[in-house]
Amino acid sequence: MQRGPRKMFDVRHLGLTCADCGAPIEELPFMPKTDRPVYCQKCARNHRRQNPRFLR
Ligand SMILES: [Zn+2]
C-alpha cells in the first residue's frame with residue numbers, strides 16, 4: 001500500500017453525526033456501516049485508544 005494522504009470516503013450524503021459530540025461527519029477513512037456508531041476524527045481517536053479493534 002502506498003503512503004501519503006489516506007483515502008477518505010465522502011459521507012456527507014449520509015448525513016452522519018458523531019455518536020459522541022454530535023458533530024456532522026463529512027468524511028471517514030472507511031465506509032461506515034449503518035449498524036455502527038461513527039465518530040468524528042477527534043472522538044474516533046479517543047475510542048481507538050479504548051478499543052484496540054479499531055487499530056488497523
Ligand atoms: Zn465527535
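This note walks through the predicted model point by point, from the overall fold to the zinc site and a few individual residues.

1. **Ground rules.** Residues are numbered from 1 along each chain as its sequence is written, and side-chain values use heavy atoms, with hydrogens and water left out. Because this is a predicted model, local features need pLDDT of at least 70 and side-chain atom pairs count only at pLDDT 80 or more, while totals for chains, interfaces and linings use all residues.

2. **Overall layout.** The protein has one helix and two strands, and along the sequence they follow the pattern β-β-α. Helices (H or I, at least four residues) and strands (E, at least two) are DSSP runs, numbered from the N terminus. Of the 56 residues, 20% count as buried; here buried means under 20% relative accessible area, exposed over 50%, and partly exposed in between (1.4 Å probe, protein chains only).

3. **Surface and contacts.** The protein exposes about 5,200 Å², of which carbon and sulfur atoms supply 49%; accessible areas come from the Shrake-Rupley method with a 1.4 Å probe, and for residues only the protein chains shown count as cover. Among contacts (heavy atoms within 4.5 Å) between residues at least 6 apart in sequence, 5% join residues at least 24 apart.

4. **The zinc site.** Which residues hold the zinc ion? Its protein donors are the SG atoms of Cys18, Cys21, Cys40 and Cys43, lying 2.3 Å from the ion. Donors are N, O and S atoms within 2.8 Å of the metal (3.2 Å for Na, K and Ca); water is not among the atoms, so sites may look incomplete. Along the chain, the donors follow the spacing C-x2-C-x18-C-x2-C.

5. **What the site ties together.** Cysteine 18 sits in the loop between strand S1 (9-10) and strand S2 (27-28), and cysteine 40 in the loop between S2 and helix H1 (41-50), so this pair ties together parts that are 22 residues apart in sequence. Cysteine 18 counts as buried because its relative accessibility is 4%, and cysteine 40 is also buried, at 14%.

6. **Geometry at the metal.** The four donor atoms around the zinc ion subtend angles of 103 to 117°, and therefore the arrangement is tetrahedral. For reference, the ideal angle for four tetrahedral donors is 109.5 degrees.

7. **The salt bridge.** The structure holds one salt bridge, meaning a side-chain nitrogen of Lys or Arg within 4 Å of a carboxyl oxygen of Asp or Glu. Arginine 12 forms it with aspartate 10, and the closest N and O atoms are 2.5 Å apart. Arginine 12 is exposed at 53% relative accessible area, whereas aspartate 10 is partly exposed at 39%.

8. **Between the strands.** Aspartate 10 belongs to strand S1 and glutamate 27 to strand S2. Not counting residues up to four places away in sequence, aspartate 10 touches Glu26 and Glu27. Glutamate 27, with neighbours within four places left aside, is in contact with Met8, Phe9, Asp10 and Val11. Glutamate 27 is partly exposed, at 42% relative accessible area.

9. Proline 32 is buried, with a relative accessible area of 17%, while threonine 34 is exposed, at 86%. Leaving aside neighbours within four places in sequence, proline 32 is in contact with Val11, Leu14, Leu16 and Val38. For threonine 34 and leucine 16, 18 residues apart along the chain, the C-alpha separation is 9.8 Å.

Methods
Tetrahedral: all angles 85-135°; square planar, octahedral: opposite > 155°, others 65-115°.
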